[in-house]
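Please look over the sequence and the structure shown here before reading on. The report takes up a few selected features, one after another.

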Amino acid sequence: MTALEQQQLPGPRSGTRRRGSPLGSKWTPYFFLAPAALFILVFQVVPLAQEVFLSFTRTSLLNPTHSTWVGFDNFARIFGDEDFRRTLLITLVYVVVCVVVAVGTGLAVALLLNKGFRGRGLARALVTIPWAAPGIAVALIAIWMLNPDYGIVNRFLDTIGLGVPGGAILDSPRYALPAILVTTIWQLFPFTSVVLLSALQAVPPHLTEAATMDGAGRWWTFRAVTWQSIKPTVGLLALLMTIWSLRRFELIWLMTKGGPVGATETLVIDLYSQAFDSKQLGSAAAVGMVGIVISLIVIAGSRFVARAAEREAR
Amino acid sequence: MRLHRIRRSMVAAVSVTGMAAALLAGCGSDGGSEGGVTKLTFAASTLGDPGRGPLLTKWLEEFNKSQNKVQVSPAAVPYPTFGQTILTQMGSGKGPDLIRFDMPEFESASDAGLIAPLNDLIDVSKYDLLKQPDQFMVHDGQRHGIIFEASNYAMFYNADLIKKAPTTYDEFVETAKSLTKGDTYGLAFRQTEAEEAGVWQDIFNYVYGFGGAWSDGKQLTINSPENLKGLQAYKDLYDAKVIPRGTDAATFRRMFAEGKVGMELNNGGYVTATRGQNADLNFNVAPIPFPVRKQGTILAPIVINEASPAKEEAATFIKWALEPANQVKLQEILGASSVATVTQRSPEKLKETPFLTVFDDLTESSLPQIVLGFEAKTPDIRKVVVKNVIAALQGTVDLKTALDNAQQEASQLVG
């Protein structure tokens, strides 16, 4: 399109617009933005403001309209509680392992699926199944597989001489968290592998060919070409995985409800227990605020890393 | 013209806002009146039971037929989330008009002022109420509920596997051990934190059956020697592997129905549920053979929501339910449970289920699964106790230390 043609095209304020129509007025953008803005205001800003307020009050679920202002008492109490500090540690372990292993496994599978082999289409379809399965179904199947009496996992572990004493993996403070991690990663890795596969397919082939012709080995080709191309995708995935893992509820709740003895209690499980078991909305809101602060730190950290990478690339 | 456009845009924006607000308004309150007929909602987890739910719904229909000004609709809410769902609704000034609560939630709700006092609505002197369970319906002279169902705990046993029911604790342990072979277990009880409320119900029988109690009415007594003895018995059975460890209640109850579990301590409601799973199972019931004849009972009061705009009409339903003929019908629906008033079981029912009298005879020695003197705090104390007992089962701490920890934590909690 030439510059002349561009000038002759009707602009947004010219042409055949019906006189008196609100379209084209300076209010038009606000009109179209209003529903989304209202949605965000009602479902995000107002609840968030309410949560901030609640976190500084003593409020019972049974009488939520009557709050007593207690300042920072809720925060002082939860941070003074050894159980809460353990919850933070478990959350950290859960998130880090989920992100590292899910992204790592996803990358390995994506590299495998990016190769040419017979049945590759079928393999790609099969890999997505765990991601497509509903979380509740995954949790129930995992519970069934981990059952100490008839679960296939225990039978297999017994056969190879690695059986858990008593067999009750989900009731063992030592093995419950690893079992939940394995289940979570089993469900997560297909998503990371599919996303990374699409990123791998976007790597310009001529770059890898050039690296190979320059005598680079497989590892160096991967490091210098492939990794540099997929790094932004990996960063985005790591951010998404972190936030999803921080807020994951149904899988952990269904499998252990945060037990045994708090061994799988993450922030969201603690939040739910405070709000609905102990009926303390103030404490629950304080736990939620801690979660929000952690999420904000993660997002800020990822933006910092991304910007640093951009600067380095320039 | 510009002003006109702005006005139109504003009208459009206001319309969008109005539509969104209308969508957000949500559902209306219960207890509505339509054409002179007051419509009430009665929420109960048992309304969703496969066996008893349809029969209870028919019982409600009988009430509706007998009235021309009040109609009651059933609302079945699943047991695991019943308390949370209803209490959250009531906390926000909404919820059903009539509710069948379990004791811990009943105590929390009455303490928070969410339940309508019944003193001025129902004259209970007209009815022959069962005194033992009824005493827990009154707080400081104020009546908050009427017993809808009282279901005492007893020992269920597979009569094909166990010819003579154990009558002492030692016999109980021996029977459990001798039956445990392959995929058959002598006993089953809940022992995972995922079933916190269920573990509480189960350990209650061991604590009270060995002469213990969670409190003396004024102070918590979680780490008393009697409690330690009772919970040691519970732990010994767990350690002896005579139970299917790690298996949840739904599964081991199915195993009992299939003849894979020999004994289980459960309440009267279990009779109907077991027959529903296997009508041919030859099972019997006996008192729990622990040293002290004291056991738990599931008390389920019916209450009126303080937020209901139709309390008088809701009381009409409770008064109808308390009529002798309706109490008999309700008891027949509930099976082995007792109801609010003294009733006589029919000869046909006793012939069909001879052990019904075992449950009835336990009423005077049964206690609701709440912490006396700390009723409203029971859910919080339960959480602390169960967590520590599970820690002892898992071997992370010895039982005495676990109970000491629970005593300390729970004492801090109740102030």
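What follows describes parts of chain A and chain B in a predicted model.

## Annotated spans in chain A

The UniProt annotation "transmembrane region", which comes from an unreviewed entry, covers residues 27–46, 88–113, 125–146, 175–203, 224–246 and 281–306 of chain A. In the model, residues 88–113 of chain A are 100% helix and 0% strand, with their end C-alpha atoms 37 Å apart. Residues 175–203 of chain A are 90% helix and 0% strand, and in this span the end C-alpha atoms lie 40 Å apart.

## Two crossing helices in chain A

Helix 3 (residues 73–80) and helix 14 (residues 281–313) of chain A have axes that come within 9 Å of each other and cross at roughly 70°. Because angles of 65 to 115 degrees count as roughly perpendicular, helix 3 of chain A is described as roughly perpendicular to helix 14 of chain A.

On the side of helix 3 of chain A, the residues that take part in this contact are Asn74(A), Phe75(A) and Ile78(A), and they meet Gly282(A), Ser283(A), Ala286(A) and Val287(A) in helix 14 of chain A. Sorted by class, the contact holds four nonpolar, three polar and no charged residues.

## A mostly covered helix in chain B

Helix 7 of chain B runs over residues 196–209, and its 14 residues reach 20 Å from the first C-alpha to the last, which is close to the 20 Å expected at 1.5 Å a residue. This helix is mostly covered, with twelve of its 14 residues buried; among them are Trp200(B), Phe204(B), Tyr206(B) and Tyr208(B), as well as Glu196(B) and Asp202(B).

The buried residues of helix 7 pack against several elements of chain B, namely strand 7 (146–158), helix 8 (225–239), strand 9 (261–267), strand 11 (295–304), strand 12 (366–368) and helix 15 (378–393). Just after helix 7 of chain B comes Gly211(B), which takes a positive phi of about 85°.

## Two lysines with positive phi

Most residues other than glycine have a negative phi. Lys257(A), however, has a positive phi near 55°, and this residue is found in the loop between helix 12 (250–255) and helix 13 (267–277) of chain A. Lys257(A) is partly exposed, with 19 other C-beta atoms within 10 Å.

In chain B, Lys241(B) has a positive phi of about 60°, although it is not a glycine. Lys241(B) lies in the loop between helix 8 and helix 9 (249–257) of chain B, and with 14 C-beta neighbours inside 10 Å it counts as partly exposed.

Terms used: Residues are numbered from 1 along each chain as its sequence is written. Chains are lettered from A and ligands numbered from 1 in the order in which they are written. This is a predicted model: local features need pLDDT of at least 70, side-chain atom pairs count only at pLDDT 80 or more; totals for chains, interfaces and linings use all residues. Helices (H or I, at least four residues) and strands (E, at least two) are DSSP runs, numbered from the N terminus. The expected span of a helix is 1.5 Å times one less than its number of residues. A residue is buried if 20 or more other C-beta atoms lie within 10 Å of its own, exposed if 12 or fewer, and partly exposed in between; C-beta atoms are placed from the backbone. Two residues are in contact if their C-beta atoms, placed from the backbone, lie within 7 Å. Axes are lines fitted to C-alpha atoms, for helices over the stretch in contact, and angles run from 0 to 180 degrees between N-to-C directions. Angles under 35 degrees count as roughly parallel, over 145 as roughly antiparallel, 65 to 115 as roughly perpendicular and the rest as oblique. Ala, Val, Leu, Ile, Met, Phe, Trp, Tyr, Cys and Pro count as nonpolar, Asp, Glu, Lys and Arg as charged, and the others, Gly among them, as polar. UniProt positions are given in the numbering used here, feature names are shortened, and annotations may be inferred rather than shown by experiment.
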